[in-house]
Amino acid sequence: MSEILFLGTAGARYVVAKQLRASAGTVIHINNSYLLLDPGPGTLVHLAKRKIPIEKIETIVVSHQHLDHSADLNIMVDAITEGGFKKRGTLFLTESALKEGILLSYLHSYLKKIELLKPYTFYESLPFKFKTTCLLKHTAENYGLLFYFPEGKIVGFITDTAFFDGLAEEFAEANILVIYTVRYKPLENVLHLSISDVKKILEKIRPEEVILTHFGMTMLKVNPFKVAQKLSKDLGLKIRACYDGMEIKI
Ligand SMILES: [Zn+2]
């Protein structure tokens with residue numbers, strides 16, 4: 001059985017800085033292997049708290065270089081490779097994140113492999129299989145992700161982006177859709193999704209289940225659980241707001 005564990009659900013500077021929600025990443029667990037997505041600040045601590053065996057994390061995916069997605073990357077690489085004594089793991093990241101230097105140069109050789117994320121590309125780091133979408137509309141190079149589970153389910157992650165025509169269609173095949181919903185209401189020139197964008201997406205595609213996460217302050221103020229409940233009722237879809245430590249079985 002596979003599962004997804006959302007260690008953290010914080011999504012914007014203030015919520016991260018004050019740790020109003022944890023900003024740790026997301027763990028995907030298939031058989032006896034673990035994938036870590038977007039290791040934001042506190043990831044190492046939350047993995048330890050939950051007793052996740054870090055030596056079994058062989059795959060790390062960083063969607064983009066912003067700190068709430070990558071701050072714990074270096075310590076994670078050190079931790080999973082036992083300080084470089086065990087060459088281990090594959091890191092997936094964008095070229096711009098690599099060039100930005102989010103991975104300290106002395107840690108490069110600790111990893112077995114570093115693979116660059118490109119648009120519309122299929123990646124395998126067994127047992128994990130995933131595909132990138134088109135380039136999303138964000139202040140850093142960033143792609144959406146679709147994970148293919150052995151149970152036959154596809155889980156999509158709409159990572160940081162502004163809304164644009166065609167965004168929903170990129171995730172049409174997802175059975176479960178995770179949406180990084182930073183804002184309650186849209187704000188001009190802020191390249192993040194808001195609830196009205198989520199509505200626009202879900203008017204075009206109808207996944208079996210939707211999980212809202214990566215909340216900024218405007219979402220926390222209005223209570224994400226209530227917002228999800230109302231959205232669920234209005235759209236006739238199963239929509240849930242994520243909480244720190246939420247686990248879903250695939
Ligand atoms: Zn970002």
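**Stop one: a covered strand**

Select β10 to begin: five of its five residues are buried, so this strand is mostly covered, where buried means under 20% relative accessible area with a 1.4 Å probe and protein chains only. Strands here are DSSP runs of E with at least two residues, and helices are runs of H or I with at least four, numbered from the N terminus. You're looking at a predicted model, where local features need pLDDT of at least 70, side-chain atom pairs count only at pLDDT 80 or more, and totals for chains, interfaces and linings use all residues. Residues are numbered from 1 along each chain as its sequence is written, and side-chain values use heavy atoms, leaving out hydrogens and water.

**Stop two: the neighbours**

Show β9 next. It runs antiparallel to β10, joined by four bridges (strands pair if DSSP finds at least two). Click phenylalanine 147 and you'll find its β10 bridge partner, valine 155. On the β11 side, valine 155 is partnered by isoleucine 176; β10 and β11 pair in the parallel sense.

**Stop three: the zinc ion**

Which protein residues are the donors of the zinc ion? Select His64, His66, His138 and Asp160, lying 2.2 to 2.4 Å from it (donors are N, O and S atoms within 2.8 Å of the metal, or 3.2 Å for Na, K and Ca; water is not among the atoms, so sites may look incomplete). Finish on aspartate 160, in the loop between β10 and α6: it is buried, at 1% relative accessible area.

Conventions. Buried means under 20% relative accessible area, exposed over 50%, partly exposed in between (1.4 Å probe, protein chains only).
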